[in-house]
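Subject: The structure we talked about

Hi,

Here is the structure I promised to pass on.

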Amino acid sequence: IELKKLGSRIRSIRKELGIKTAEEAAHQFGLQRSQYSKYESGSGNMTYLSLVTLLQKMGVSLKDFFSEGFD
């Protein structure tokens, strides 16, 4: 799985949640702004545990997360 796809999907979900910026999302989800921005841009290597933790904070299941944009 490409990190860019993960980042794009995270960004898409953030926007669906009505959170305008990555900075707002980082604050809301209790993450450092720079780390969250790396996740969204696909430039930071995200561990499985980090992904699961972020999705829990977003209220999204792994199944729903991977239901769009992944083959």
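Below is what I found in it, going from the whole chain down to single residues.

Before anything else, please keep in mind that this is a predicted model.

**The whole chain**

Let's start with the overall build. The chain has five helices and zero strands, so if you read along the sequence the pattern is simply α-α-α-α-α. How compact is the chain for its length? Its radius of gyration is 11 Å, and the globule rule gives 11 Å for 71 residues, so the chain is as compact as a globular protein of that length. If you draw a box around the C-alpha atoms along the principal axes, you get roughly 30 × 20 × 20 Å.

Of the 71 residues, 35% count as buried. The chain exposes about 4600 Å², and carbon and sulfur atoms supply 49% of that. Now take the contacts in the chain with a separation of 6 or more: residues 24 or more positions apart account for 55% of them.

**Where H1 meets H3**

Which residues make the contact? On the H1 side they are Lys 4, Gly 7, Ser 8, Ile 10, Arg 11 and Arg 14. On the H3 side they are Tyr 36, Tyr 39, Glu 40 and Ser 41. Sorted by class, this contact has three nonpolar, three polar and four charged residues.

One of those residues is worth a second look. Leaving out residues up to four places away in sequence, Glu 40 touches Gly 7, Ser 8, Ile 10, Arg 11, Arg 14 and Ala 22.

What does Ile 13 touch, apart from its neighbours within four places in sequence? Its contacts there are Met 58, Val 60 and Phe 65.

**Residues with more of their surface showing**

For the other end of the scale, go to Gln 28, which is found in helix H2 (residues 22-29). Exposed means over 50% relative accessible area, and Gln 28 has 54%, so it counts as exposed. From Gln 28 to Glu 40 is twelve residues in sequence and 15 Å in space, C-alpha to C-alpha.

Gln 32 is in the loop between H2 and H3. With 60% relative accessibility, Gln 32 counts as exposed too. Gln 32 and Lys 4 are 28 residues apart in sequence, with 19 Å between their C-alpha atoms.

Finally, Thr 47 sits in the loop between H3 and helix H4 (48-58). Its relative accessible area is 44%, which lies between the 20% and 50% cut-offs, so Thr 47 is partly exposed. Thr 47 and Gln 28 are 19 residues apart in sequence and 20 Å apart in space, C-alpha to C-alpha.

That's everything for now. Happy clicking!

Cheers

Definitions and conventions: Residues numbered from 1 in each chain as written. Predicted model: local features only at pLDDT ≥ 70, side-chain atom pairs only at ≥ 80, totals over all residues. Heavy atoms only, no water. Contact = heavy atoms within 4.5 Å. Helix = DSSP H or I, 4+ residues; strand = E, 2+ residues; numbered from the N terminus. Nonpolar A, V, L, I, M, F, W, Y, C, P; charged D, E, K, R; others polar. Rg over C-alpha atoms; globule rule 2.2 N^0.38 Å. Buried < 20%, exposed > 50% of the residue type's maximum accessible area, 1.4 Å probe, protein only. Areas by Shrake-Rupley, 256 points an atom, 1.4 Å probe, with all protein chains shown as cover.
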